[in-house]
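Please keep the model in view while reading.

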Amino acid sequence: MIRTMPASAEEKQLGHHSISLCICTMNRPEDLTKCLESVFQSNVTPDEVIVSDDSPDPEPTKAVVKNYPAVTYQTGPRLGLGPNRNACIRRVKSTHLMFIDDDVCVPPDCFETAYALIEQTPESVITGYEMKHRSWEGEGTVKKILPHNADFWGTMKIPVGDSDCCSVVMNSTIFPVSLFKEALFDECLRYGYEELDIARHAVALGYKIVHRDNLWVNHYQSLVDRASNWDRVLASQLYTTAKAYFFYEKSLLKALTYTVVAPLKMTAGLIKQKDPKAVQKGVKATVSAYQHFFSRKEKGFVSKRKPYSLAKASR
C-alpha cells in the first residue's frame, strides 16, 4: 500500500527536524517511476519530495509525477546538475535535505534511519554508502561505494574516518539546510564532482562530515545520457581540484603545479587506454576547466570561518 506524506510525528520518533527529498531528473521516466515507488513504500516518508526536471520534453516526467500527488514538480534550469540541485535548494522548506538520483531506489528503512541520525548529529553533514548496480557489466554486478577523499590528482580513492572526512556519497547524504545559506552547488559543474566540491566547501565553512554505515541506497545506474557526459567529468575533475587547492587550501604553489601537470597526466592516461581522441579530449577538458575557473559564481565561495587544509585529503 502506497503511503501518503508527510510521516506522522510519532513515526519520526523525535524532535522538530524535517527532511526534504530532492530528485533531479532528465529523460528517465521509467527509472523515476521505480525511484518514487521505493520512496512512497518506505516505512517513514520525508516531509517533502521535489522532482526537478531538466528533460527537454517534460511531459513524460509530468505523467509519472501525476501518480504521486504529494510530489512537488518543477521544471529545472536545464543547465546541468549543479544548477538543478540549487533550483531544488531554493524551494525546500525543511531543516534537512537529501538528494537522490532518478535511478536510485531507497530501502524501506531509509528515512526512518535518516531521522534517527539527524537527532544524533543535527548540525553535521551525514553520509552513508550506496550499492551500485551496473547492468552493462553483467547481471548481479554490485559494488559498495563508500566515501573516499581525493588524492592529489582529484581521484576519490583515500579511505576516510570521521576525523578527516572531506567527501560524501551524494545519494545517501543528509545535509543541514543551514549549509546552503552559506554555500550552493557550483553552477559551473554540469555533471560530475559537484558532490566532492560541496563536501570540501562544507568543511571549509566549519561543518563536520560524519560517515554512518546504516544509511544506504541502491543505485541502479542508468545508461541514459551517461556516456554523453563523460567528457564533462574530466573537466570537472581538473576544475574542482585546482579550485580546492587555490581557494580552500590557499596553496598557490600546489594549485599552479596541479594546473600544469594534471592535464598532461590526464591526457597520458587516455593515451594509455588507447583512446583515439585522447589528445582532443585532454585539450577540451583543460580548456573547459579554465573557463569554469574564471566564470564561477556560486555563493559563499571562500571559507568564512577558518582556513581549510586538504593535507589529509590529498596525501
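This is a predicted model: local features need pLDDT of at least 70, side-chain atom pairs count only at pLDDT 80 or more; totals for chains, interfaces and linings use all residues.

Residues are numbered from 1 along each chain as its sequence is written, and side-chain values use heavy atoms, with hydrogens and water left out.

**Overall make-up**

- The chain has nine helices and 11 strands; these are DSSP runs numbered from the N terminus, with at least four residues (H or I) for a helix and at least two (E) for a strand.
- Of the 315 residues in the chain, 56% are buried (buried means under 20% relative accessible area, exposed over 50%, and partly exposed in between, with a 1.4 Å probe and protein chains only).
- The accessible surface comes to about 14,400 Å², and 56% of this surface belongs to carbon and sulfur atoms; the areas come from the Shrake-Rupley method with a 1.4 Å probe, and for residues only the protein chains shown count as cover.
- Among contacts (heavy atoms within 4.5 Å) between residues at least 6 apart in sequence, 77% join residues at least 24 apart.

**Nonpolar cores**

- The largest nonpolar core has 32 residues, and those with the most contacts inside this core are Leu-97, Phe-99, Phe-175, Leu-179 and Phe-180; such a core is a set of buried Ala, Val, Leu, Ile, Met, Phe, Trp, Tyr and Cys residues joined through side-chain atoms within 4.5 Å.
- The elements that give two or more residues to this core are β1 (19–25), α4 (81–89), β4 and α6 (194–204), and α6 gives the most, with five residues.
- Leu-97 touches several residues beyond four places away in sequence, among them Ser-20, Ile-89, Thr-173 and Phe-180.
- Another core, of 31 residues, lies apart from the largest one, and its members include Ile-19, Cys-35, Val-44 and Val-104.

**Aromatic rings and charges**

- A pair of aromatic rings is described by the distance of the centres and the angle of the planes.
- Rings of Phe, Tyr and Trp (its six-membered ring) pair if their centres lie within 6.5 Å; planes under 30 degrees apart count as stacked, over 60 as edge-to-face and the rest as tilted. By this rule there are 15 aromatic pairs.
- The rings of Phe-99 and Phe-175 have centres 6.4 Å apart and planes at 70°, so this pair is edge-to-face.
- Phe-99 lies in strand β4 (residues 96–101) and Phe-175 in strand β10 (residues 173–176), so the pair ties together parts that are 76 residues apart in sequence. Both Phe-99 and Phe-175 are buried.
- Ring pairs link Phe-99, Phe-175, Phe-180 and Phe-185 into a cluster.
- Arg-85 lies over the face of Phe-185, at 5.8 Å from the ring centre, and Lys-144 lies over the face of Tyr-129, at 4.3 Å from the ring centre. A charge sits over a ring if NZ of Lys or CZ of Arg is within 6 Å of the ring centre and within 35 degrees of the ring normal.

**Strand pairing**

- Strand β5 (residues 104–105) and strand β11 (residues 209–220) pair in the antiparallel sense over two bridges; two strands pair if DSSP finds at least two bridges between them. Val-104 stands opposite His-219 in β11.
- Strand β6 (residues 125–133) pairs with β11 in the parallel sense over eight bridges, and Met-131 stands opposite Asn-218 in β11.
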